Amino acid sequence: MLGTLLKIGKMGIKEYLQYKSVLFLFTLNRIIEVVVYIFVWYAIYNQTGQIEGFAINEIATYYILVVTLVPMSLWGINEDIAYSIRKGYITRELLNPISYFTYYFGKELGEMGFGLLTAICTFIVCNIFWTVLMPVNIWAFIAFICILLLNIPISYFLQMIVGTCGFYTNATWGMQILRKSIISIFSGLIAPLTMFPVAFQKVANILPFKEFFYTPINIYLGKIQGVEILFIIGKQLIWVLIMYVLAKVFFNKAVKKITINGG
Amino acid sequence: MTKIKDNISIYLSMLSCSIKSMMEYRVDFIVGIISQLLTQAVELIFIWIIFQNTQSLAGWTFDKLLLLYGITMLTIAIVDFLFDSIYDIGPKYIKDGDFDKLLLRPIHPLISVIGDTKTFTAFGYMAISLILIISMLIKLQIDITFMLVAKIIIFAFSGALIIGAIMIALSVTSFYTYKSNEIIWSVFRIYTFAQYPVEIYNKFIRILITFIFPFVFATYYPTLNYLGMENGWLMYLSPIVAIIFLIIAVKIWNWGLNKYRSTGN
């Protein structure tokens, strides 16, 4: 089972690396994205001498980690499911000896593998241009990785839910943008969540998206420590379960309606 | 000269065709606009956060920065509307072999490509930018005269031509790699640099967005002019930059076209 998953994942990475330039360009994209953030915050820091709760090095590291983590938190199989529904490949994929969910999870792992490659390249290149802080200690780094690993199923099931909408509408790409925007707003991607209004933070605390950026980066910087991390992992496990049930129920309901244009 | 005129008139009729076909898919149209509004919301939240931490950014207040943002969005909307199909040259036309069909037409293939643009996201950008521009002009107590409106429209178009020229020039890469969208997208994203005062950047980035990819002429200098700030006169160089870059871009494109080999589908 695991072997099959990894094989599917490997295939996905290979597909990407067919064009070596892709990795270079995706990394370039990440760097271009971080430039504005960093220069804006440096300008604010030079003017006011402080940013609430963050040293200038910390805020630069925060945003570099944000763009580094984007490939793993926002990318994924995305349109693949909607595409498989629209083109009718789904009829074949449902007959696969492994379940549809498992098959696409393998594909998701491939995407994550390529995302990880891009992330590592981005992180290294950013180190050339700016001073990036290292994790405060080895335990913080291990916790950082654990949180990121638990994000994979949450992000995957969420994409499954959005992809399943493909049974009802052809305009799923809009749903994808909706998904990305909501994650961007509630995850701390735009700015550390402590800078948002309190009411907003309360909503963000309940949703699972905070763990995509804000929480792991703060653990990395040593601002979240100890027992709190265990609570966060508990919260993530609950969300994995919720997302799994939602995705399964929705998919099983939708798949009964299957009618494919000329499939 | 008549050849250029013919090309332009054919282009215009193709454009009106694509608008009609866009309107056919109503759900896609609405979803497209809603998703565009959300993407904008994300960027506006960042600007809002900036001003929770400071009174002004390199001398720019919140209102002024929003005006710059609005002007940028208006230009981007026009770029989106006119040049979006440049992204398709590699993945759609060349990879599928459709490009050979275009070569047989009696008009320049570049016209065929950009005439085929079908993007409804542009309307979302347009709506947001107009709301922002008008409300910020009122808030900043700038008189909305006929002159100003004319300037905003003309220079938004000239800015869009600059960005379009850069996209055309970069799309030559698709003749070699059969996929061009990533490199165009990467450079296109640099426009976001010009959404903030150039004073915050270091020398390298200033040179990059002034001389190599002159996004500052597209959006930043025009905004300086509307606000009556220093260096606002540089806006008037924008149409010249646009023409120069367009000529270079078409030259590069024609040169790339000569090297083009069909994928053999």
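**Exercise 1.** By about how many helical turns are Arg30(A) and Glu33(A) separated in helix H2 (residues 20-48) of chain A?

*Solution.* The model is predicted, with local features needing pLDDT of at least 70 and side-chain atom pairs counting only at pLDDT 80 or more, while totals for chains, interfaces and linings use all residues. Residues are numbered from 1 along each chain as its sequence is written, chains are lettered from A and ligands numbered from 1 in the order in which they are written, and side-chain values use heavy atoms, leaving out hydrogens and water. Because Arg30(A) and Glu33(A) stand three residues apart in H2(A), about one helical turn separates them (helices are DSSP runs of H or I with at least four residues, numbered from the N terminus). Their side chains form a salt bridge, at 3.1 Å from N to O (a side-chain nitrogen of Lys or Arg within 4 Å of a carboxyl oxygen of Asp or Glu). Over all chains, the whole structure holds four salt bridges.

**Exercise 2.** Describe how helices H7 and H8 of chain A meet.

*Solution.* The axes of H7(A) (residues 138-164) and H8(A) (residues 172-186) come within 9 Å and cross at roughly 145 degrees (lines fitted to C-alpha atoms over the stretch in contact, with angles from 0 to 180 degrees between N-to-C directions). Next, Leu158(A), Gln159(A) and Val162(A) of H7(A) meet Thr172(A), Met175(A), Gln176(A), Arg179(A) and Ile183(A) of H8(A), contact meaning heavy atoms within 4.5 Å.

Key
Helices (H or I, at least four residues) and strands (E, at least two) are DSSP runs, numbered from the N terminus.
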